[in-house]
Amino acid sequence: MDRVPRELPGARPPRWLLALPWALLAVVEAAQFLTPETVQLGFVFAVLPMLASLAYGMAGTLLVSTAIILLLALPEARAEHISSGDLLALGLIGAVSTLLAWARGRRNAQLVTVRTVAEAAQYAVLPPLPPRVGPVRCGALYRAAVRTALVGGDLYDVQPGPYGVRAVVADVKGHGLGAVSTVAALLGAFREAVLDEPELAGVAARMDRRLVVDAARREDEELFATALLLEFPACGGGGPGTSEGAEPVAWAGGAAEGGGADVAGGPGGAEAESGGPRGGGPRPAGGAPVEARLLSCGHPPPFVVGRYGAREVAMESGPPLGLGLTRSAAPEPLSYALEPSCVLLAYTDGVTEARDANGRFYPLGARVHPEREPAALVRAVWRDLSAYTGEIADDVALLALRVDPGE
């Protein structure tokens, strides 16, 4: 699932509206015979053609209008108070309603054309993510806050390059269509930097410079974005030497490969879990870990989802993009040893800042269920998030990545 499907309001008339003109016609005709002659309901017939023009096109409206006139013209069905002048008036109302239905149909066709062009433009900005990029399996989900938009203020992308597979998840200032130009600029800078910059810090600096230039051009001093950059190096592999100075550890409840302390408890458990400033992450037994490098520019850290649940990656965050501080103040990328059965789950704050009816934030880490396939993981998170909150008012982006080093 790459986009959450959303239909335009009024794109299709509801079924009850399609049946309403015919139902009212039958009810009014029956009521006319069951009430005294002093009760005149003929004026209701004049409403039916206009109601039909809201539910049907030109042909359907003409059919309803013709059916009304033919029904009232029959001697057996015609009430005494309905004159030939009334039938003529109903005919004119039917003709005008048919004309209105034709005009509405033309307008709807124009709106469909405009929306098709808009969708094509938005898909060009943020195209659907393939299920696989090199050795990285991908799962992504995007839901814009604006009901009729496909792209808002969040973005993600996964691109191969000479230095490995690189990914980004970012959240720009604001949301909705006003942020789309910033999203397009950041994605363009990221896709170019992936090919040119040997280090993640250089990629972040290129994206930061793009926002600084755009902010100066727009005279917008508050143009910024948070971003999480991920990299799976081309020569990335497993083994103890994948991460500098990292001791192999096990998931909570298991012992370290080297016989060390349990991650969840005991001396040094927290330090072993994070691996220090440049250490590796948890390494479950049963597979050679692969290296993942992470760099946060003011963005929430990702979760590692494995057999025993999800845990947040402990990492240092630098300043957001757009402040001109990334090159000088960004921390060193975190090198993380990722077991092949685990999935990295990155997200934007539209997920964790969503609230339930009582105002409680969505606890992503506590509600994620283990799922090995990235696409299935983001679908499960979205279903649970929707059930938890009901209505989500912000942009939401989810990106799940898992490496199959042998493929």
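Visitor: How many Å does helix H6 reach from its first C-alpha to its last?

Guide: In this predicted model, H6 covers residues 180-196, which is 17 residues. At 1.5 Å a residue, the expected length is 24 Å. The span from first to last C-alpha is close to that, at 25 Å.

Visitor: Which strands are included in what covers the buried residues of H6?

Guide: The buried residues of H6 include Val183, Leu187 and Val194. Part of their cover comes from helices, including H5 (84-125) and H7 (200-218). The cover also includes the strands S3 (154-161), S4 (164-172) and S5 (225-233).

Visitor: At what angle do the axes of H6 and H7 cross?

Guide: Two packed helices are described by the angle between their axes and the distance between the axes. For H6 and H7, the axes come within 8 Å. Their crossing is right-handed, and the angle is roughly 145 degrees.

Visitor: How many residues of the contact of H6 with H7 are charged?

Guide: H6 contributes residues including Ala185, Phe190, Glu192 and Asp196, and H7 contributes residues including Met207, Arg210, Asp214 and Arg218. Eight residues of this contact are nonpolar and two are polar. The charged ones number six.

Visitor: What percentage of the residues in the protein is buried?

Guide: The protein has 12 helices and 12 strands. Buried here means under 20% relative accessible area. Of the 407 residues, the buried share is 46%.

Note on methods. Residues numbered from 1 in each chain as written. Predicted model: local features only at pLDDT ≥ 70, side-chain atom pairs only at ≥ 80, totals over all residues. Heavy atoms only, no water. Helix = DSSP H or I, 4+ residues; strand = E, 2+ residues; numbered from the N terminus. Expected span 1.5 Å × (residues − 1). Buried < 20%, exposed > 50% of the residue type's maximum accessible area, 1.4 Å probe, protein only. Contact = heavy atoms within 4.5 Å. Axes fitted to C-alpha atoms, helices over the stretch in contact; angles between N-to-C directions. Left-handed = near helix turned anticlockwise from the far one by under 90°. Nonpolar A, V, L, I, M, F, W, Y, C, P; charged D, E, K, R; others polar.
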